[in-house]
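Subject: Structure handover

Hello,

Here is the structure for your files. My notes follow below it.

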Amino acid sequence: MSNRLMNWFRFASPHTFYPLAGRLIPVFWALAAVFGAAGLWLGFFVAPTDATQGEGYRIIFIHVPTSWMSMFIYLVMAGWAAMGLSLNARLSSMMAQALAPTGALMAFLSLWTGAFWGKPMWGTWWVWDARLTSELILFFLYLGFMALQASIDDPRRADKAGAIVALVGVVNVPIIYFSVKWWNTLHQGASVAIGKSPSMAVTMLWGMLLMALCLWMYSIAVALRRVRAIILEREAHTDWVKQLSEVRV
Amino acid sequence: MNWNSAGEFFAMGGYALYVWGSFGVCALAFLVEPILIASRHKQIVRTLRRQVAAEKLEMETK
């Protein structure tokens, strides 16, 4: 038991995590490619035409996964930030920092694809509906987290300030998720919910799940790549960085 | 199979602008993000290399 714990903590230092992340990245790229190819194939070639929305509904295969990821990445980011804050672990804070831009991108794409879906179906790119507004707030929370961290010169202080913002912002995630239940919204209710059989064809559901898995793997790969750059930036003064084969001259 | 021809596929039943506008921008984003990160990584590696080289030079001239 103690041995196993030791092994886990070994990777909690940037020094040991840097090469591990480098080895893991190709695995996640490969998984993202496989899930993405399968998801797109199901979404475009197998899933039937929707009875009311025609082919326009196919936006669901990218809209729902980006929306899920925008919320999920926020929770993971806040989790890492909390760990960095409570355990004073540098790597945890770096992980939170690495996830933020990808989360912001997912939130943006969720809003973008939502607008492109809203226009043909509702007749408008945007409404101040509870679901849309709370997702926009999520996007701003990501930007706020990044801007705050960038504005503080001392990285450890930036980590702490960012963590507090990230943790306060967590309250927004359940608001987004339940907004379609709590308020009367133009946005439709949840397509998939726990304890409820999905209200769609099985192939549609699988297409959506595979695309979500693809974006999940993509996010991990991208976050690991970004955290490697952040590690080098923040550990530039250390000897182990100077001993790296890509740095040594 | 939902489509009889490639043209039909790209027309998306009249929703081409919306479907490809969504998927296109997402595809672009997922291409650009890794490129930006790769250049960030390259930049810090270049800076570190310069630092290490400078230190080495300092040691040799001492």
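Where is A:Asn88 found? It is in the loop between helix 3 (60-87) and helix 4 (90-122) of chain A. Helices here are DSSP runs (H or I, at least four residues), numbered from the N terminus.

Two notes on conventions. This is a predicted model: local features need pLDDT of at least 70, side-chain atom pairs count only at pLDDT 80 or more, and totals for chains, interfaces and linings use all residues. Residues are numbered from 1 along each chain as its sequence is written, while chains are lettered from A and ligands numbered from 1 in the order in which they are written.

Backbone: A:Asn88 has a positive phi of about 55° and is not a glycine. Most residues other than glycine have a negative phi. A:Asn88 is exposed (12 or fewer other C-beta atoms, placed from the backbone, within 10 Å of its own), because its count is 12.

B:Met12 also has a positive phi, about 50°. That residue lies in the loop between helix 1 (6-11) and helix 2 (16-61) of chain B. B:Met12 is buried (20 or more on that count), with 20 other C-beta atoms within 10 Å.

Core: the largest nonpolar core has 73 residues. Such a core is a set of buried Ala, Val, Leu, Ile, Met, Phe, Trp, Tyr and Cys residues joined through C-beta atoms within 7 Å. A:Met77, A:Ala96, A:Leu99 and A:Val227 touch the most other members. Helix 8 of chain A gives the largest share, 19 residues. In that helix, 25 of 33 residues are buried.

Regards

Technical notes. Helix = DSSP H or I, 4+ residues; strand = E, 2+ residues; numbered from the N terminus.
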